[in-house]
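Biologist: I'd like a close look at one part of this model, please. Could you begin with a charged pair and then walk me through the strands that follow from it?

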Amino acid sequence: MMRSSSILLLALLPLLLAGCATMGGPTPAQQAANAQADALYQRGDYQGAARTWDNLSAQSPRSNQGNDYRLRAADAWYVAGQHARAAQLLATVDGAHLHALDAARYNLLKSELALTHDPQQALAIAAMLPSTLPPTLALRAARLQAEAAGALGDHWASARARVRMDNLLSGKARQRNARDIERMLVALGVPALQKQASKLPAGDPMLPWLGRALHRLGSALPKNLPQLMRPAGTVITQGGGSTQEGFHAYRQIALLLPLSGPLKVAGDAVAEGFLTAYFNTAQAQPRPLLRVYDTQGTPAGALAAYQLAQSDGADLVVGPLARDAVAALFDSNPSLPVLALNHPDSTVNPPRGSAEFGLMPANDGTQAAARMLQQGIHSAVVFIAGSDNEQRAAQAFKAQFEAGGGDVLTVQTLPQGTVNYANEIRNAMPGLGANGGIFIAVPPETARLLMPQIRVARLRQPVFASVQVYGGSPNALDKDLDGVQFPDAPWLYDAQPGLPVRASLMRDLPVVAGRGARLFAFGMDADLLSPYFVWLQQHPGSYVAGATGQLSVDAQGHVQRTPIWVQFNNGVATPMAGTLNLSAPTQ
């Protein structure tokens, strides 16, 4: 009898040992199978992963480990589209005995399964999720909240959840999500969007999306203008040496510009400005290696140039210049930091560690409204010539002026093909008192026709303009513009110390003399910003004194430009007192 019992025990020993191993933790074979299931899940073979976890859970049905395997199997079946199987399996999971991350996965899966029949319950369960989740779970949680809110008719909450998804997506999925956000916000209408914007703090990630939607609806958001307190690059002495605060020394910069194609003229002007500032850099700072790449002015060309720059060893990319090229590069989730030289057409913010810098026409309207309000002007009329840039400037002016308590009485679009603006001026006159003001967003040729007619109509209110009112170089015909004020780049007037003198460059660089001068100054600023833009974003109130103005960076990575104010006197555009920053630009 003893002999047969011993034989039976020996026969059962492997099973007993396996059971003990399962009770004490997964066996090496189970660990290997679990790792294989994880790999299948990561590759997108969700059904393969689900079957593997199903098999593992069957080996230890009553253990905590088996409980975990059932949860993972249910999750994989759900992602594979087998929702009924996922629900059946999830019902066997003990949610009270899960680690924190698995508990989050459990609640997320419960809410996803509830979404199809009870969106309100889905949102209630999702509210129990922790605020910090791994990216894959965070994306699913945001998508769940977006779909549940949308099913309940709450477009604002749905759009807000989709904005959280934005940085977790890439490529076409990110583009589709951006279109969905814009569609939902546009459906809310101007009053609702403006009301929501008034409740949001400065820097809220919803604000750029609201701005885009309002622009689609013919309106705009007021801006929080930067409060500039101190220049970047303060010299700090440490350990017998000195450094410039905020300066980051890159090894190799890739400059991506359209040096061929339809944008070649603009690309050449920016390139010449960048190179001028690059070789003007004080030798006390290390000068990085610089390589220039032709984007041909297309998104495909920009992506190809970026890939080549990355393979060549660049650790910073400056550019591209075209809006669609910037959007394509941002959508590709670049691993290198990028200082883009335009704002993309979409509302996609720059990737983390990157920034976007552009000469935006809307900035002129914002600056003009703020200046008029500072001077006690609280009623205004606007004249525009009708282009998209002029409309943007007018929208920005109206939003900023009205947010500050002002009243825009009318926006008059001047007709094309005529030189008589009497009707438009007559329509603008009612209600404009002696303490009112006039904002014009028109090119020089139109302004020279408009201003004498404004005076004939005996409108004596001060006139403020967008920068396009000045061609960039002296013109005898500008005497008709005497008294008009506009914001502009200080370098055009040699009003920013430490930069190459414009007059001395005109002999060798024709672009400096004409309309391309502002693009040249923009190129110089791209070089001046490149070592500092990351630090500026992290230090509100700090700025670089550049060729186009004082440059700061907001929390979303948008470069904010504060220009100087200029006025026509005897036909000559002259910087106005009290608007200059006399500190030398950072090198």
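Modeller: Happy to! A salt bridge here means a side-chain nitrogen of Lys or Arg within 4 Å of a carboxyl oxygen of Asp or Glu. The model is predicted, so local features need pLDDT of at least 70 and side-chain atom pairs pLDDT 80 or more, whereas totals for chains, interfaces and linings use all residues. Residues are numbered from 1 along each chain as its sequence is written, and side-chain values use heavy atoms, without hydrogens or water.

Let's begin with Arg 230, which forms a salt bridge with Glu 245; their closest N and O atoms are 2.9 Å apart. The two residues come from distant parts of the chain, 15 residues apart: Arg 230 sits in strand E1, and Glu 245 in the loop between strand E3 (241-244) and E4. Strands (E, at least two residues) and helices (H or I, at least four) are DSSP runs numbered from the N terminus. With a relative accessible area of 34%, Arg 230 is partly exposed, a class between buried (under 20%) and exposed (over 50%), computed with a 1.4 Å probe and protein chains only.

Arg 230 also takes us to a sheet. E1 belongs to an open sheet of 4 strands in the order E1-E14-E15-E16, and the pairing is mixed. Its edges are E1 (230-231) and strand E16 (559-562), each of which pairs on one side only. Two strands count as paired if DSSP finds at least two bridges between them. Within this sheet, strand E15 (residues 550-553) runs antiparallel to E16, and 4 bridges join them; at one place, Ser 552 has Gln 560 of E16 as its bridge partner.

The loop that holds Glu 245 lies between E3 and E4, so let's turn to strand E4 (residues 252-257). This strand is mostly covered, with 6 of its 6 residues buried. Which residues cover each face? On one side are Gln 252, Ala 254 and Leu 256, on the other Ile 253, Leu 255 and Leu 257, and all of these are buried.

E4 is part of another open sheet, in which 5 strands follow the order E5-E4-E6-E7-E8 with parallel pairing. Here the edge strands are E5 and strand E8 (355-356), which each pair on one side only. E4 pairs with strand E5 (residues 289-294) in the parallel sense over 6 bridges, where Leu 256 is partnered by Tyr 293 and Leu 257 by Asp 294. E4 also pairs with strand E6 (residues 316-318), again in the parallel sense, over 3 bridges; Leu 255 has Val 318 as its partner there.

Two helices come next. Helix H13 (residues 264-280) includes Leu 275, a partly exposed residue with a relative accessible area of 31%. H13 lies across E4, E5 and E6 and runs at about 160° to E4. Helix H14 (residues 299-311) packs on the sheet too, touching E4, E5 and E6, and its direction makes about 150° with that of E5. Contact means heavy atoms within 4.5 Å; axes are fitted to C-alpha atoms, for helices over the stretch in contact, and angles run from 0 to 180 degrees between N-to-C directions.

To set the opening pair in context, a search of the whole structure finds 20 salt bridges. One of them joins the side chains of Arg 160 and Asp 204, at 3.1 Å from N to O. Arg 160 lies in helix H9 (residues 155-166) and Asp 204 in the loop between helix H11 (190-199) and helix H12 (206-216), so this pair ties together parts that are 44 residues apart in sequence. Arg 160 is partly exposed at 28% relative accessibility, whereas Asp 204 is buried at 8%.

Because Glu 182 lies in helix H10 (residues 171-188) and Arg 216 in helix H12, the pair ties together parts 34 residues apart in sequence. Glu 182 is buried at 12% relative accessibility, while Arg 216 is exposed at 54%.
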